Amino acid sequence: MSKFVTLESAISAHLHDGDTVALEGFTHLIPFAAGQEIIRQRKKDLTAIRLTPDLLYDQLIGAGCVKKLVFSWGGNPGVGSLHRFRDAYQNAWPRPLEIEEHTHAGMTNRYLAGASGMPFAVLRGYFGTDLVENTTNIATIDSPFTDEKILAVAAINPDVTIVHAQQADRNGNVMAWGIIGSSREAVFAAKKVIVTVEEIVDSFEPRFNSVIYPEALITSISLAPRGAWPSYASGYYDRDNDAYIAWDEISKERESFTRWLDEEVYGKRVQDLTPVGMGR
Amino acid sequence: MAISEVNRDALVEGEKAPWNSNEMMTIAAARTLKDGMICFVGIGIPSTASILAKATHAPNLVLIYESGTVNTDPKTLPLSIGDPELANRALTVVSMPEIFNYWLQPGRIDVGFLGAAQIDRYANINTTVIGESYEKPKVRLPGAGGATEIAGACKEVIIVLKQTTRTFVSEIDFITSVGFGDGPGSREKNGLIGGGPRYVITDLGILEPDPESKELVLTSIHPGVTLEQIRENTGWDLKVAANLVTTAAPTSGELERVRALVATSSRKKS
């Protein structure tokens, strides 16, 4: 069966209510088209994992798709607060939101453990902070080789990881370059991997050390040009900083957010946003 | 956190100073960076100050952002820590395991540059929640991000924030990142390999930890600011250095550079 499917079919077939899902991509290659398709399909009770919830999870949380958020930095970068996240956490709108919070180093190592097939990873971190008393999935262990205490963080193995990348080739391999964050670890840690790409090419132009997700790791690939907007895809388009600034106003009030949701997400079908064709 | 925009701009010899308090803070922060340092940069004023330092007295400053951009040389102000300007102008772009596990954790970074919503007398900082309850906060803030491990592992840390009774508090609501914990020996007890805060730069002055007690001491006061004003904006009985000095006024060159830089920002303010 071909891995190349529409984004609508990918989300419908591979992501289920109640799943643990990680949409990764750090400031770059954030899978917005996939996130909005999740909203459109009204998925619910998701445990949503991501270092920086960003506008992407603000939208999912505001739309009521998320039961629990696992994260390490929940703001609109350089702009301010994530208003939908705050409203959900502080006022339970549109539904109560549980959180589990870590540091970037902690989350990165949790994915790393998941990708490595290990129950936990170790790092120097958290000690002396109030995170120790207020989060879960951490433990203190004695170093077996030196006389010191080390922090252990539990592995994350999402049911589904979703990433955006620049290109797929016709054999179903995926290439991404530029800022990659913890995406590679989140992909290797996942049980299923949904990928959206800017373009499908016959074969890759060799770029050593660019990140390749080999075909064997991937469940499905969907074409989604500009699928990372308003974040960006290096080589294709730049970050739309004005859109990040504009989100502050859109998301500030429930009413303006709901209007945005109706017009820009529910009011559109994914086919209107992204071509269904496979790049021929 | 929103800070009330009262006019805090300094008066010098009865005249309004030719700089605003944000510019003074940014310039004072930039001056603490030495040429050749490896600097882990957070977004906002730390980023403006680091780029300013690199454009002025520290051309060989190595700027690293947690997005993985190593030795980047941005000419415009990024809005986020992963803007194309940072990636396109970097020596290399690495993954987050490499940034946090290989660069930061072993202590390879000379200076970490952080902002904060609240700080206490031992320079512990809060970026998580305002209010006594973690579960039911008055204000939910973004959280730790990279700050906890930056504060733990960098050889020194510089913290930049506006000084008010809401930010300089006797007890912070949540310890997100450790400065000197509850005093001498606290960092060692927690296995934090870095040296901890070296400077706290505010819009009113500069504070440094006392070498013995680790408590923050006011060591420099920005031109046009009064000691009384600083005390009024500090939520504890602030210690003042015997040899308190006045921060050098921004030069016209520094002001020109910082204004040109801020003009390139999508937000048009530092």
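**Before you start**

Residues are numbered from 1 along each chain as its sequence is written, while chains are lettered from A and ligands numbered from 1 in the order in which they are written. Because the model is predicted, local features need pLDDT of at least 70, side-chain atom pairs count only at pLDDT 80 or more, and totals for chains, interfaces and linings use all residues.

**Stop 1: helix H3 of chain A**

Select residues 54–62 of chain A, which form helix H3. Helices here are DSSP runs of H or I with at least four residues, numbered from the N terminus. In H3(A), 9 of the 9 residues are buried, so the helix is largely enclosed by the rest of the structure. Buried means that 20 or more other C-beta atoms, placed from the backbone, lie within 10 Å of the residue's own. Colour A:Leu55, A:Tyr57 and A:Asp58, which are among the buried residues.

**Stop 2: helices H8 and H9 of chain A**

Next, select residues 241–252 (H8) and 254–266 (H9) of chain A. Their axes come within 5 Å and cross at roughly 110°. Axes are lines fitted to C-alpha atoms, for helices over the stretch in contact, and angles run from 0 to 180 degrees between N-to-C directions. That makes H8(A) roughly perpendicular to H9(A), a term for angles of 65 to 115 degrees. Show side chains for A:Glu249, A:Ile250, A:Ser251 and A:Lys252 in H8(A); they meet A:Ser256, A:Phe257 and A:Trp260 in H9(A). Residues are in contact if their C-beta atoms, placed from the backbone, lie within 7 Å.

**Stop 3: across to chain B**

The contact joins A:His104, A:Ala105, A:Thr108 and A:Leu112 of H5(A) to B:Met96, B:Pro97 and B:Phe100 of H4(B).

**Stop 4: the side of chain B that touches chain A**

Zoom out. Here 43 residues of chain B are in contact with 45 residues of chain A. H3 (84–88), H4 and H5 (147–153) of chain B each supply at least two residues of the side of chain B that touches chain A. H5(B) gives the most to that side, with 4 residues.

Technical notes. Angles under 35 degrees count as roughly parallel, over 145 as roughly antiparallel, 65 to 115 as roughly perpendicular and the rest as oblique. Two residues are in contact if their C-beta atoms, placed from the backbone, lie within 7 Å. A residue is buried if 20 or more other C-beta atoms lie within 10 Å of its own, exposed if 12 or fewer, and partly exposed in between; C-beta atoms are placed from the backbone.
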